[in-house]
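Please read the following report alongside the sequence and the model.

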Amino acid sequence: MEQLLPIAIFLFVLFLLLGTGVWVGLALLGVAFVGMELFTTRPAGDAMMTVIWRSASSWTLTALPLFIWMGEILFRTRLSEDMFKGLSPWMAKLPGGLLHTNIVGCTVFAAVSGSSAATLTTVGKMSIPELRKRNYPEKHVIGTLAGAATLGLMIPPSLTLIVYGVTINESITKLFIAGIVPGLVLAGMFMLYVVAVSRFSPGYRPDPEPPMSFSQRVANSRFLIPVLLLIMAVIGSMYLGLATATEAAAIGVIGALALAAAQGSLTWTNFVESLLGATRTSAMIALILAGAAFLSLSMGFTGLPRHLAEWIAAMQLSRFELLMMLLVFYIIIGCFLDGISSVVLTIAVVEPMIRAAGIDIIWFGIFIVVVVEMAQITPPIGFNLFVLQGMTRHEMSFIARAAFPMFLIMVVMVFVLIAFPQLATWLPDNMRPSAAG
Amino acid sequence: MASAIRRALDAVYDLAAMLAALCLVLILAVIVLQMASRWTGIPFPGSSEYAGYLMATASFLAFAHALNRGAHIRVSLFLTALGPRRFWGELWGLAIGTAASGYLAWYAVRTVQLSIKFNDVSQGQDATPIWIPQVPMAAGAVLLAVCFADNLITLIATRRDNIRASAIEDAAE
Amino acid sequence: ETWDMPMAYPATNFHSENASQFAACVKEATGGALDIVTHAGGSLFSGSDIKRAVQTGQAPIGERLISAHANENPLFGVDSIPFLATSFADSDKLWAAARPQLEKVLADQNLVYIYAVPWPPQGFYFKKDVNSVADMAGIKFRAYNAATARIAELAGMAPVQIEAAELSQALATGVAEAFISSGATGVDSKVWESLTHFYDVQAWLPRNVVFANKDAFDALDDAAKKALTDCGDTAAASGAAKSEELTAGYLKTLADNGMTVSGPSEQLEADLAAFGTTMSDEWVSSAGEDGKAIIDAYRGQ
Ligand code: NA
Ligand code: NA
């Protein structure tokens, strides 16, 4: 294959730069630069700025810092502690205990935000300190969080599904509806994993929660009211047509500020620190996105992802073989590209294969989301790994290892989807949004 | 003299970060106005574009500050493995960082010049000459390059850079 | 030589398919000396960046919805003056009148015009009967550029700004209740899930223009230049024919999915023609002498 040389060069430069501790965003920039210089005669620097400006000034991106800011506000005020006080009496009874709050929290926030990074920061900022206080094993705290946060991409609203729907010309509403059940199933599988870990892992000995009577637990649930109000405001504003998915983030910030003020926990210091914290985190993500945008352009010029997809297309596989091949293909390129780029760069070749094989295109959207979710937690380029590293200062290798079981669960999820395609197709086929809206 | 330069640079990084934070507040304001405009029927043409420009400004102006606060992430396995020779690893990282951010800064400034030369105008309803929102982007890119060079020089002079990371537990109560 | 060709629309869009045939034609005519590789779906550069990318040589050739650049020069918006040229035939006449000017404007920007293909005509989507402009009052109408905002203003509708990516969701949740676009958009976004009426008013027929970087073009030998021009002419003709053929198909798909598809009532047609006069005059006053010459030439035909 004539593509072996560019593949080898890209990999060598990538591992060299990332491995020797060059900052991730700039490492991606460097790899892309080498690719441009070697494989095209186009002016690399100008082309780089074209795509970086487009990605940095993207209006859909504005939801990200706002959701991160909301997370920072919740974290720096009493709200997150309260959410824990409310949830913990209920979760404590489940085998595995409060670790379930990671998954339940991510599932709920996934319904509010369209990205996995925002889900991760919001829930992580709340749950990590509380779980650490109670001596939950660090690797499970980090691992379940990294995995569950990817639900942000599957449970609507979802940026990935928007990009996929626009690219293949399918109804985004339908795709959103298709993501609901598989998202909940995946969340359920994560929770089963927590149960299994708590039973079979000898190091799993968190501090027991103080026993509580049923009436006490109900009484404690009052602490959940503020956060529930916030979530209802954000989701409600979207479904009532008051706000678009992007604008709902603004409702979230205002709601969080209002709640914190009502509780008396909003001080000027808290406000400024939450704002600066959000500014830094979104700057970190923006620099990586800038590098990723340039890398994606560079890959586009070399035609690498497309040639690989064409190579698969030429193999004339059966439906199941094709899906297995694509699973492996997307897992591999998902290691090196962010999920959305890998979809955009390959869909032109993959879409006809899917349609020719008679695979439901909406179902395939959910398949794609699962593999894109995997890409979020596979090294060396995995967004959730980066965000968690920024948040916890753990080595990426530690986080990637901690998240590996979640990766395996997602692989299982692919087979569940293949065995029970109705999980993704039943709701959209039977639920038509009424014309009255 | 050296400490005066140090203080001035740190002040510039922090000032840029304050402006970036202000941009986040402005994004919030623009989006709220955009919604209000729909509810009331009073048009707010170009709101999405303005939010996008503020987004770019917020990101780029905060790059340098985020670097010195250790917010930009890297794989530090190899650096840790170097042990007492870590200095050389840091030197390599900062040298590559200075080169890459310098490259970014160079072309960021050039893209502003090209936008002026081509009279490039936003395709949205705002019809803003595109160089205007690109100026803060270029400024942020230059500041990041300065910050990397600053760290590189500081590392060589004092064997310690200015990057001070804080993790989640520092902020917890 | 390989030319990468960034394109904004999905690979299955007829513009993209047409460009693939154009690329094959060029390859054959030059005996493989010039190999154009299309990159559909904004996978290389997004639509908004393609013109600038070709201008600066970041890509040697590309395709762009040219009216998107009307802010930069009103002449780019000549194909999108609402209710001026309201059929394929009229739109062709208007384009023929404007083409020499446009080629000159593009040449000043270091671009060589290769070919252009019209989109299917733009019609109104509503969720109720609309028989006159008076019926439109107060409806939340998706405005995405200056011209659509002006239509909302003239018709007394409430403009709501919605980006293309959020259109389906906005319609489903009632954030927007009406918009103007081609039948293709309606089919692609399964608009019958939210709206009920399509009025085929053929408000305008915007064009995708394919242009090459002038330096890259000039560096070609004469045979390759001729191949580009000849294949471009073929692509323009086949693309326009395809567009017309698809139009009928799109309207049928809308109707098959339960939408009421019809032409405008007499009253509505007259109301909209008046908008056409107003908006043409406004366009001429912004486009100056060159613009006036184009409109005069068009009306004189
Ligand atoms: Na989501
Ligand atoms: Na990955």
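## Annotated spans of chain B

According to an unreviewed UniProt entry, the feature "transmembrane region" falls at residues 12-35, 50-67, 87-109 and 137-157 of chain B; UniProt positions follow the numbering used here, feature names are shortened, and annotations may be inferred rather than shown by experiment. Residues 12-35 of chain B are 100% helix and 0% strand, with their end C-alpha atoms 35 Å apart, while residues 137-157 of chain B are likewise 100% helix and 0% strand, with 30 Å between the end C-alpha atoms. Helices (H or I, at least four residues) and strands (E, at least two) are DSSP runs, numbered from the N terminus.

## Basis of the model

This is a predicted model, in which local features need pLDDT of at least 70 and side-chain atom pairs count only at pLDDT 80 or more, whereas totals for chains, interfaces and linings use all residues. Residues are numbered from 1 along each chain as its sequence is written, chains are lettered from A and ligands numbered from 1 in the order in which they are written, and side-chain values use heavy atoms, with hydrogens and water left out.

## Where chains A and B cross

Helix α3 (residues 44-56) of chain A and helix α4 (residues 86-118) of chain B have axes that come within 9 Å and cross at roughly 80°; axes are lines fitted to C-alpha atoms, for helices over the stretch in contact, and angles run from 0 to 180 degrees between N-to-C directions. The helices α3(A) and α4(B) are therefore roughly perpendicular (65 to 115 degrees) to each other. Contact (heavy atoms within 4.5 Å) involves residues including Met48(A), Met49(A) and Ile52(A) of α3(A) and Tyr103(B), Tyr107(B) and Leu114(B) of α4(B).

## Salt bridges

Over all chains, the whole structure holds 27 salt bridges, each defined as a side-chain nitrogen of Lys or Arg within 4 Å of a carboxyl oxygen of Asp or Glu. In one of them, the side chains of Asp49(C) and Arg54(A) meet at 2.6 Å, N to O, and this pair links helix α2 (residues 47-55) of chain C to helix α3 of chain A.

## A sheet in chain C

Chain C has an open sheet of 4 strands in the order β8-β5-β9-β11, with mixed pairing, where two strands pair if DSSP finds at least two bridges between them. Its edge strands are β8 (179-182) and β11 (260-262) of chain C, and the twist averages 25° from one strand to the next.

Strands β5 (residues 122-126) and β9 (residues 197-199) of chain C run antiparallel and are joined by 3 bridges, with Tyr199(C) in β9(C) as the bridge partner of Phe124(C). Helix α8 (residues 222-256) of chain C lies across β5, β9 and β11 of chain C, at about 145° to β11(C).

Methods
Angles under 35 degrees count as roughly parallel, over 145 as roughly antiparallel, 65 to 115 as roughly perpendicular and the rest as oblique.
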